[in-house]
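Visitor: I am new to reading protein models, and I would like a close look at one part of this one. Please take me through it slowly.

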Amino acid sequence: MNRRAGNAGPSLSTLAFVESPVQLLNVLEWAHTHALGTVPGAQAAGAAPAAPGPSVPPQLRRTASGDAPRTGPDLTVVVLSPTDPMTRGQLRRMADLARDEGYEVRWEEARGGTTAPFHTIGSLAGPLRRADRIVMGDPFSRYVQLLLTITRARDLVVVDDGTATMEFVAQLARGERLVRWHRKGGRPGPRDLLFAPVSSSARRRLTPSAGRRVEVFSSMPVEEAPDGVTVTANDFGWTRARFGPPRITKGADMVGTSLVETGVVDGDRYVAAVHALARAHGADRYFAHRRESTEKLHRLATETGLEIVRPDLPLELIARRGPIGRTILSFPSTVVHTLPLALAGTGVRIAVCDIDPAWLTEHASPRAQGFLSGVTGTAKDVHRLAAVAPA
C-alpha cells in the first residue's frame, strides 16, 4: 500500500460527484492536500480570520473581494442533490464554501421526479467523457456507479463518506460486490439483482490497472487496500486553516447518530443510553445527525432535557468554529476519527461509548457489532467508554 500526499498533476480536468455535505467537505480537503491551485488573497494556514462584515460570519466570507479565478487544475463539483431538507441545506452552505475557494459548483436536482435521473445523466454525459479525473464521495451509490459506466477518465479518486470508506476498501481488496456494511449479510433484493451488472462494472473500474489509477483519500484507517491503490491521508488541513480555533466551554456536548434510522440500533435502547450518558457526563447539547428523524429528536428533547441542535454545516466545521464543549461524547461513527484531526491542538477530548449488543435490532446485519467495535477500536486520540447502563 502506498500512502502519500502530493500534487495531483498538471492541467487535469476534474469532475467531483457528491451527495452529502461531508463528501463535499472531503473534496475540498482533497483539493487542498493536492494543492489544486490557489486563490489570491486566501487565508493561509494558521492565519487569523478576516474581519467579518455586518451579518456574515468571518469563516463564511469570501477570502477577498474580486479574487481572480483559481489557477491550476480545473475542478467542477457536481452536487447530486438528495430530497432530505436538512441535507440539502447543509449542501448549499458547503457549495458556497466551495465557490469561495474558486471552484465551479453544478447543482443537479438528481432526484426531483421520475424523469430527473434521465435528465441528469444525459446532461452529464459530455462532461463525463471529457473529464480526465473523477472524484466521488460514495462508491456504493447506484447513481455514482451508473455514472462510472460513462466516463473514460484514467484517474479515479474516492474521498471519505464516513465509515463506509473502510468497508469499500476492504470489499475492493477481497473482490466482493459493493454492499453497505449495515446491509451486508442480507439477501439481495430484486433491485439489487437488476442493478448487479452496473455494480460489477463499477467495481472493475475502481480496480487499478495499467491504464487506470485509483486513489483513496481518507481520514479512516485503511489496512487492506488492494495493490496499486494509492491511499492519501486526510488530516483536515483545510478545515483547520479556514476555521477556528474555537472557544472551548466547560461542559460536554453529544453527537447524534443515525444507527436507529438505518435499523441497526433499537430506538428505545438508544434514547435510554443517550439519557444515561448525558447525565453521567453533564452534557447539555445534542448535535443531531442530518438523517435523524424529527420524531426521535423530539423524544430525546422531551425525555433527556438536552438542547437539540441541527447543524447547518458538517460537525467538523461546527466544532472548529465553536463554541464547543471541552468533552464531546459520541457513539461509534465517523466523527471519532475526524474530530480529533479537526480539533488537533485545542484540548478538546473525544469520548466514544461502545454499543451494547443488547441494543441491536433483530434486523441488524450479523456483522454490525464487530464493525462498530472496529470503528471505535481503530480511532486514535479518543477516550473509550464502556456501554452505559440505561437509566
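Which residue in strand 10 does alanine 252 stand opposite?

Guide: Please keep in mind that this is a predicted model. Alanine 252 stands opposite alanine 283 in strand 10, and this pair belongs to the place where strand 9, residues 248-255, runs beside strand 10, residues 283-287, the two being paired in the parallel sense over four bridges. Both strands are part of an open sheet of six strands, whose order is 11-10-9-12-13-14 and whose pairing is parallel. At the edges stand strand 11 (307-309) and strand 14 (383-385), and because each of them has a single partner strand, one side of each is left without a neighbour in the sheet. From one strand to the next, the twist averages 30°.

Let us turn now to a pair of helices. Helix 8 covers residues 267-281 and helix 9 covers residues 294-304, and their axes come within 10 Å and cross at roughly 40°. On the side of helix 8, the contact is made by Gly267, Asp268, Tyr270, Val271, Val274 and His275, while helix 9 contributes Lys296, Arg299, Leu300, Glu303 and Thr304.

Note on methods: Residues are numbered from 1 along each chain as its sequence is written. This is a predicted model: local features need pLDDT of at least 70, side-chain atom pairs count only at pLDDT 80 or more; totals for chains, interfaces and linings use all residues. Side-chain values use heavy atoms; hydrogens and water are left out. Two strands pair if DSSP finds at least two bridges between them. Axes are lines fitted to C-alpha atoms, for helices over the stretch in contact, and angles run from 0 to 180 degrees between N-to-C directions. Contact means heavy atoms within 4.5 Å.
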